[in-house]
Amino acid sequence: MPAMPGSRFAPAQSTSQRILFVSTSLTLCLALFAFGLQWKGGDLVDSARLGKLAGDNSRLPGVQQDSLNSPLSGRFGTNSDCAKIQPPHIGMFPHYIGWQYAIQKHSSKIAITSSTSAGLEQILPWLYYHRTIGVTHFFLFVEGKAASLNSTSVLEAIPGVKIIHRTKELEEKQAKSRIWNETWLSGFFFKPCNYELFVKQSLNMEMAIVFAREVGIDWIIHLDTDELMHPAGAPEYSLQRLLNDVAPDVDMVVFPNYEAAIEREDIEEPFSEVTMFKKNYDHVTKETYFGLYREATRGNPNYFLTYGNGKAAARMQDNLRPNGAHRWHNYAKTPNEIKFEEAAVLHYTYTKFSDLTSRRDRCHCKPTKEDVKRCFMLDFDRAAFIIASTASQEEMKRWYREHVVWTDKELNLKLMRKGLLTRLYIPQAIVQGLQESGVFSNAVQAGQARLEKSLQQENAALKRASSVKVDTKSTALGGDTRSTEASEVKGANIVAAMPPRASPGLEVLRSEILKKSAGSL
């Protein structure tokens, strides 16, 4: 019987059908498996769902569970009063279930101390951002807007925040500090404006060491409220994880600073609007830095507008002391110091046009080149003060555009490609996510409710200065403490306080060239 036409292809057709059937079945199984995982909740949750997951342990890294259950929390979507100010979906700031537990299990307790006169619009994003990356405590020395009854009512309601008002009692205690009898800070005494602030910051840091010891802090950082920690290179963008991995014999870690490079002159919320930064000398090659120095400086006195020597975190230990606003030191030894190669401090300096006038208004110096040296340590601050004091509004705006705003897109792209400029989006995403989630507005509402209740109970608006009880027997400002009492430390290693310093200039390159030339002779 003759074979049917095409019968020789039958085995091949059967094999193809089997392969098609298996691949289709496998695809369907995988799809069903994925659907099952998603239906069970999965591991990835965005902040839009946090309110629906009040029963499980999802939360912002760095925010304790009790704070999520508090009035300023965060139980997103559960408060009908906040529904109008919360968007229907927030998908830009994801969180992982169990992330906080992974951080807390072997975590360090980290404190930030700051001296500030800023308003809540600046302090709240700054504070909650740092809670998100793992900071547990804040010692805020407040003046001006920050010391108002409304501001302190909001801030004191946040777990881990301690408010210290600049009262007569505080000044009397700080007047007894051993710092006044030592030489390391004496070069800054009895001078106005930035020098006065520098001394005040150092005295506040000294007191913060005592507070930190009382609550068992592991690491302490001094930071201004226009600065954000940037724990680049750390798992889960966690400052806790970053400091946990520091070797036990290291006493201090330095975070080189990056400076905000604004591209518009109408910035209102720097933390959520600025994404371009100029990198520190320590994080770029020497050839790139000096090769593009003039272009990157753009006619300004230095590479950075303000300081270039970063900030530091100190491990809590006996005899710890401040060494100016940028470093820490120890009365008994020279600290073992390392510098991070990726992590940094982001400095949002002069990001708003109003920064020109606000700095001018708090300093009472004559707008002359000689007199401003009494008030300011850095050249750009001096030039900005003179412009703000002598120029018209239009002249000030023109100067601001020329010296602060990065409008040349070709230059920006060139410096970006060479590595002097960089884009950083994570801080922006965190701050925007917190804002859209209603965290800041909830905090303000909780603070207002707290204030109203207090007023009803006491029938008066009471400052909260009395809430900070400084024990003269346990502070560094008049008592016997391990950190600062001279009688406990013999042969102390006294190093002068580190002021804010400009980044290396071309004179450093010239000096190196001269050294090489001299060595070759």
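This is a predicted model: local features need pLDDT of at least 70, side-chain atom pairs count only at pLDDT 80 or more; totals for chains, interfaces and linings use all residues.
I'll start with the parallel strands. Strand β3 covers residues 110–116, and β4 covers residues 137–142. These two pair in the parallel sense, over 6 bridges. If you want a residue pair to find on the screen, take Ser-114, which stands opposite Leu-140 in β4. Helix α4, residues 120–132, belongs with them: β3, α4 and β4 make a right-handed β-α-β unit.

Now β4 itself. How many of its residues are buried? The count is 6 of the 6, so β4 is largely enclosed by the rest of the structure. Its side chains go two ways. His-137, Phe-139 and Phe-141 point one way, while Phe-138, Leu-140 and Val-142 point the other way, and all are buried. The cut-off for buried here is under 20% relative accessible area.

On to β5, residues 161–165. Strand β4 is joined to β5 by 5 bridges, and the two run parallel. Phe-139 stands opposite Lys-162 in β5. Between the two strands the chain passes through helix α5, residues 149–156, and this β-α-β crossover is right-handed. As for burial, 4 of the 5 residues of β5 are buried, so this strand too is largely enclosed by the rest of the structure.

Next, another group of strands, around β8, which is residues 252–255. Met-252 and Val-254 point one way from β8, Val-253 and Phe-255 point the other way, and all are buried. What are the strands that β8 pairs with, and in which sense? With β11 there are 4 bridges, and the strands run antiparallel. Phe-255 stands opposite Lys-311 in β11. With strand β14, residues 337–339, the pairing is parallel, over 3 bridges. There, the bridge partner of Met-252 is Glu-337.

Now the cysteines. A disulfide is a covalent bond between the sulfur atoms of two cysteines. How many disulfides does the model have? The count comes to 2.

The pair Cys-193 and Cys-363 has its sulfur atoms 1.5 Å apart. Cys-193 lies in the loop between α6 and α7, and Cys-363 in the loop between α12 and α13, so the bond ties together parts that are 170 residues apart in sequence. Cys-193 is at 12% relative accessibility and therefore counts as buried. Cys-363, at 5%, counts as buried as well.

The other disulfide joins Cys-365 to Cys-375, with an S to S distance of 1.3 Å. Cys-365 is in the loop between α12 and α13, Cys-375 is in helix α13, and the two are 10 residues apart. Cys-365 counts as buried because its relative accessibility is 11%. Cys-375 is at 0%, so it counts as buried too. Numbered in sequence order, the bonded cysteines pair 1-2, 3-4.

Most residues other than glycine have a negative phi. Which residues have a positive phi without being glycine? Arg-298 is one of them, with phi near 55°. Arg-298 is found in the loop between α11, residues 293–297, and β11, residues 311–315. Tyr-350 is another, with a positive phi of about 50°. Tyr-350 sits in the loop between β15, residues 344–347, and α12. At 2% relative accessibility, Tyr-350 counts as buried.

Arg-298 comes up again in the last topic, the cavities. Rolling a probe the size of a water molecule over the atoms shows where empty space is left. A search of the whole structure finds 6 cavities of 30 Å³ or more. What lines the second largest cavity? The lining is made up of Glu-259, Ala-260, Ala-261, Lys-278, Ala-296, Arg-298, Asn-300, Tyr-303, Leu-305, Val-404 and Trp-406. By class, these residues divide into 7 nonpolar, 1 polar and 3 charged.

One is β4, with 6 of its 6 residues buried. Another is the Cys-193 to Cys-363 disulfide.

Key:
Residues are numbered from 1 along each chain as its sequence is written. Side-chain values use heavy atoms; hydrogens and water are left out. On a 1 Å grid over the protein atoms alone, a cavity is a set of points where a 1.4 Å probe fits but cannot get out, and a pocket is an open set with protein on both sides within 12 Å along at least five of seven lines; lining residues have an atom within 4 Å of a point. Grid points are joined across faces, edges and corners, and a volume is the space filled by probe spheres set on the points. Ala, Val, Leu, Ile, Met, Phe, Trp, Tyr, Cys and Pro count as nonpolar, Asp, Glu, Lys and Arg as charged, and the others, Gly among them, as polar. Buried means under 20% relative accessible area, exposed over 50%, partly exposed in between (1.4 Å probe, protein chains only). Two strands pair if DSSP finds at least two bridges between them. A crossover is right-handed if, with the strands pointing away from the viewer, the path from the first strand over the helix to the second runs clockwise. A disulfide is a pair of cysteine sulfur atoms within 2.5 Å.
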